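Hi,

Here is the structure I promised to pass on to you. My notes on what turned up in it follow below.

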Amino acid sequence: LRKKLEAKLKNENGIVGREVMVTAGANQAFVNVVMAVCDPGDSVLVFAPYYFSHRVALELAQVNMVVCEYDDNWSPQIELVEGHIEEAASTDSPIK
């Protein structure tokens, strides 16, 4: 499957020289990224609402989850964004 995806990206999209990873779904991909990018004790900014499985993945990685709520205009609390964006942020949300 991975080889076929690499061929598709090359032939149809002109994308070459990229690593392709196949997961069982978005949740597994999220866990893989967290485990690869974050160290225990890091903070990750997660925009509310978020998927419950994201909290579980961050707890598994021993990462601090900072939840960013929105104001009445659906703007994120910018002070939270500015204080944590240097480490990691998850923008995946059930209300895309």
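Gln62 is exposed in this predicted model, with a relative accessible area of 54%. The residue lies in the loop between α3 and β2 (64-68), and its phi is near 60°, a positive value in a residue other than glycine. Most residues other than glycine have a negative phi, and most peptide bonds are trans. You will find Pro49 in the loop between β1 (43-47) and α3 (52-60).

Next, the interior. In soluble globular proteins, nonpolar side chains tend to be buried together. Here the largest nonpolar core has 9 residues: Phe30, Val34, Cys38, Val44, Val46, Ala57, Leu58, Ala61 and Val63. Helix α2 (26-37), strand β1 and helix α3 each supply at least two residues of this core.

Leu1, Leu5 and Val22 make a surface patch of about 280 Å². Val22 sits in the loop between α1 (2-13) and α2 and, at 38% relative accessibility, counts as partly exposed.

Now for the charges. Side chains of opposite charge can pair when their charged atoms come close. A search of the whole structure finds 3 salt bridges:

- Glu6 with Arg2, where the closest N and O atoms are 2.7 Å apart. The two are 4 residues apart in helix α1, so about one helical turn separates them. Both are partly exposed, Glu6 at 23% and Arg2 at 36%.
- Glu6 with Lys3, at 3.8 Å from N to O. These two are 3 residues apart in helix α1, so again the separation is about one helical turn. Lys3 is exposed, with a relative accessible area of 58%.
- Lys8 with Glu12, at 3.8 Å from N to O. Being 4 residues apart in helix α1, Lys8 and Glu12 are also separated by about one helical turn. Lys8 is partly exposed at 35%, whereas Glu12 is exposed at 60%.

Through shared partners, salt bridges join Arg2, Lys3 and Glu6 into one network.

Enjoy looking around!

Best wishes

How values were computed. Residues numbered from 1 in each chain as written. Predicted model: local features only at pLDDT ≥ 70, side-chain atom pairs only at ≥ 80, totals over all residues. Heavy atoms only, no water. Buried < 20%, exposed > 50% of the residue type's maximum accessible area, 1.4 Å probe, protein only. Core = buried A, V, L, I, M, F, W, Y, C linked by side-chain atoms within 4.5 Å. Patch = residues over 30% accessible without salt bridge, like charges linked within 9 Å, V, L, I, M, F, W, Y side chains within 5 Å. Areas by Shrake-Rupley, 256 points an atom, 1.4 Å probe, with all protein chains shown as cover. Salt bridge = Lys/Arg side-chain N within 4 Å of Asp/Glu carboxyl O.
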